[in-house]
Amino acid sequence: MVSFTADERAPSGEAINGPGGYFGWNLDALDDCLGGRRGARAPFRLVWHDSAVAGEHLVPGYDRHRHAPAVTLDSLLQIFAEHGIEVELR
């Protein structure tokens with residue numbers, strides 16, 4: 001089981017892969033990491049504490065830094081589901 005708080009906005013490399021763990025800087029890197037090519041491998045259960053806070057910030061819109069649609073909580077949950085990772089929102 002992996003556990004993290006909303007302070008982290010999204011799961012960190014250390015929350016998933018332990019001290020010094022890498023989890024990427026964008027959705028492609030996240031997908032690579034979850035695909036077992038680097039770090040943790042499914043199946044595992046991710047417990048997202050205070051997920052409502054992350055949900056308030058990860059909303060539809062436009063990300064001026066990425067020059068692309070913003071990452072939403074739903075898009076992150078979809079990526080986890082595609083990799084067979086159970087996510088418990090708390």
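Which exposed residues does the face of α4 turned away from its buried side carry? I began my entries with this question and found D74, A81 and E82 on that face of α4, where exposed means over 50% relative accessible area, buried under 20% and partly exposed in between (1.4 Å probe, protein chains only).

**Ground rules.** I am reading a predicted model, in which local features need pLDDT of at least 70 and side-chain atom pairs count only at pLDDT 80 or more, while totals for chains, interfaces and linings use all residues. Residues are numbered from 1 along each chain as its sequence is written, and side-chain values use heavy atoms, with hydrogens and water left out.

**Confidence.** I looked up pLDDT, the predictor's confidence in each residue from 0 to 100, and noted a chain mean of 77, with 71% of the residues at 70 or more.

**Core and helix α4.** I then turned to the largest nonpolar core, which has 14 residues, those with the most contacts inside it being L34, W48, L76 and F80. Such a core is a set of buried Ala, Val, Leu, Ile, Met, Phe, Trp, Tyr and Cys residues joined through side-chain atoms within 4.5 Å. Two or more residues come from each of α2 (27–37), β2 (45–48) and α4 (73–82), and α4 gives the most, with 4 residues. On α4 I listed L73, L76, I79 and F80 as the buried residues. Viewed down the axis of α4, these buried residues fall within an arc of 125°, so they line one face of the helix; the arc is that of the directions from the helix axis to the C-beta atoms. Just after α4, I noted that G84 takes a positive phi of about 75°.

**Salt bridges.** In one of them the side chains of E86 and R45 meet at 3.7 Å, N to O, which links distant parts of the chain, since E86 sits in strand β5 and R45 in strand β2, 41 residues apart. R45 also forms a salt bridge with E88, the closest N and O atoms being 2.0 Å apart, and this pair joins strands β2 and β5 across 43 residues. R90 bridges to E88 as well, with the closest N and O atoms 2.7 Å apart. Through shared partners, R45, E86, E88 and R90 are joined into one network. I checked accessibility for these residues and found R45 partly exposed at 28%, E86 at 47% and E88 at 23%.

**R90.** Where does R90 lie? R90 is in the segment after β5, and at 46% relative accessibility R90 counts as partly exposed. The C-alpha atoms of R90 and H49 are separated by 4.8 Å, although these residues are 41 residues apart along the chain. Leaving aside neighbours within four places in sequence, I recorded contacts of R90 with R45, V47, W48, H49, D50, S51 and A52.

Conventions. Contact = heavy atoms within 4.5 Å. Salt bridge = Lys/Arg side-chain N within 4 Å of Asp/Glu carboxyl O.
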